[in-house]
Amino acid sequence: MLNKKVEEAINAQINAEMWSAYLYLSMAAYCHGNGQPGMANWFEIQFREEQDHAKILFNYVVSRGGVVTLRPIDAVPTTWDSVLAVFENTLAHEQKVTSLINDLFALTTQENDYATQSMLKWFIDEQVEEEENAQTIIDNLKMIKDNGYGLYMLDKELGTRTYSTPSPLAKGE
Ligand code: FEO
């Protein structure tokens, strides 16, 4: 049986993860339009990962006999001033998501919901990685500045990113 307050908060987080997916798909479109297919690839994988995050939470609610409530996804930005601005937006967004996960974890502490806490530990670790990944690319872009060759090489590198199924979904879905 899933605690109702926790159920509501997880449903809100499902919506936040779907919004994140939508945001990153929009960023992929921006990068394609900007002639950076490697960066677009990086965001397309980000898009898939965010859908996975939503699905992990969805599966958890279902497994606890809870009710999944899917809500409308708000509009996302469609343009940025530069690729650096895109990745700075990514980092700021991931920091916001980290605070949402932390709030959710705090709620499970308040509600003595240890099963949900255990499930959320994967997300806490994932957020460390998400913030680090965005920060690394920002650092690279700041080093490169407007150097065309540097941008070309970074785009090539980000184009090699591949998708892998996250462990909570690899188990049984
Ligand atoms: Fe679902 Fe990028 O955190």
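**Entry 1: burial and overall form**

I began with burial and found that buried residues (under 20% relative accessible area, against over 50% for exposed and in between for partly exposed, with a 1.4 Å probe and protein chains only) make up 43% of the 173 residues in the protein. I note that this is a predicted model, in which local features need pLDDT of at least 70 and side-chain atom pairs count only at pLDDT 80 or more, while totals for chains, interfaces and linings use all residues. Residues are numbered from 1 along each chain as its sequence is written, and side-chain values use heavy atoms, with hydrogens and water left out.

For secondary structure I took DSSP runs numbered from the N terminus, helices being H or I of at least four residues and strands E of at least two; the protein has six helices and zero strands. Its radius of gyration (over C-alpha atoms, the globule rule being 2.2 Å times the number of residues to the power 0.38) is 17 Å, close to the 16 Å that the rule gives for 173 residues, so the protein is as compact as a globular protein of that length. I also read off the span of the C-alpha trace along its principal axes, which is about 55 × 30 × 25 Å.

**Entry 2: contacts**

Counting a contact as heavy atoms within 4.5 Å, I found that residues 24 or more positions apart account for 83% of the contacts with a separation of 6 or more.

**Entry 3: salt bridges**

I looked next for salt bridges, each a side-chain nitrogen of Lys or Arg within 4 Å of a carboxyl oxygen of Asp or Glu, and the structure holds six.

One of them joins the side chains of Glu-7 and Lys-4 at 3.1 Å, N to O; the two are three residues apart in helix H1 (residues 4-33), and are therefore separated by about one helical turn. Glu-7 is buried at 8% relative accessibility, whereas Lys-4 is exposed at 52%.

Another pairs Arg-64 with Asp-113, with the closest N and O atoms 3.9 Å apart. This pair links distant parts of the chain, 49 residues apart, with Arg-64 in the loop between helix H2 (37-63) and helix H3 (83-110) and Asp-113 in the loop between H3 and helix H4 (114-144). Arg-64 is partly exposed at 22%, while Asp-113 is buried at 8%.

I also noted Lys-142 with Glu-88, the closest N and O atoms again being 3.9 Å apart. Lys-142 lies in helix H4 and Glu-88 in helix H3, so the pair ties together parts that are 54 residues apart in sequence. Lys-142 is partly exposed at 45%, and Glu-88 is partly exposed at 35%.
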